[in-house]
Amino acid sequence: MESGTFNDQKLREIYDSVCKYCIENSIIGQSAYDLWLKAAALVALKDNFSTAVIQVGHEFAKGVIETKFKDKLASGFESILGFPLDIEVQVAGASVVSEV
């Protein structure tokens, strides 16, 4: 996993900042965050920090996040980190983040 010097706590802080930004700027509603994104976690920044890997608990949540929130989260990551990146959504335990 290419998350560099980012430990789990730092990844959580980044994800929380992105979500907070999206909520405060009306990109994502609070109820949508509570229902779909609050339980998710940023588990890696891979491919030389060009991809954020978000982990969720089940396939249904993955589908919802990919269809409804992927672009919105990407916008939030770009605003917080200062550069664009792709979003990859994984189901916990379904696959391992590959090193590239």
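**View 1. Asp47 in the loop between β1 and β2.** Asp47 is partly exposed, with a relative accessible area of 23%, where partly exposed covers the range between buried (under 20% relative accessible area) and exposed (over 50%), computed with a 1.4 Å probe on protein chains only. Its loop joins the stretch from β1 (41–46) to β2 (51–56); strands (E, at least two residues) and helices (H or I, at least four) are DSSP runs numbered from the N terminus. Although Asp47 is not a glycine, its phi is positive, at about 55 degrees. The model is predicted, so local features need pLDDT of at least 70 and side-chain atom pairs count only at pLDDT 80 or more, whereas totals for chains, interfaces and linings use all residues. Residues are numbered from 1 along each chain as its sequence is written, and side-chain values use heavy atoms, with hydrogens and water left out.

**View 2. Ser26 in the loop between α1 and α2.** The loop that holds Ser26 lies between α1 (8–24) and α2 (30–37). Ser26 is exposed, with a relative accessible area of 67%. Its phi is near 55 degrees, a positive value in a residue other than glycine.

View 3. Three strands form an open sheet in the order β1-β2-β3, with mixed pairing; two strands pair if DSSP finds at least two bridges between them. β1 and β3 (86–91) stand at the edges with a single partner strand each, so one side of each is left without a neighbour in the sheet. On average, neighbouring strands are turned by 25 degrees against each other, direction ignored; axes are lines fitted to C-alpha atoms, for helices over the stretch in contact, and angles run from 0 to 180 degrees between N-to-C directions. β2 and β3 run parallel and are joined by 6 bridges. Val56 has Val91 in β3 as its bridge partner. Helix α1 packs on the sheet, touching β1 and β2, and its direction makes about 105 degrees with that of β1. Helix α3 (residues 59–81) also packs on the sheet, touching β1, β2 and β3, at about 155 degrees to the direction of β3.

**View 4. The largest nonpolar core around Ile87.** This core has 27 residues, of which Leu42, Phe77 and Ile87 touch the most other members; a nonpolar core is a set of buried Ala, Val, Leu, Ile, Met, Phe, Trp, Tyr and Cys residues joined through side-chain atoms within 4.5 Å. α3 gives the most to the core, with 7 residues. Beyond its neighbours within four places in sequence, Ile87 is in contact (heavy atoms within 4.5 Å) with Ala52, Ile54, Lys70, Leu73, Ala74 and Phe77.
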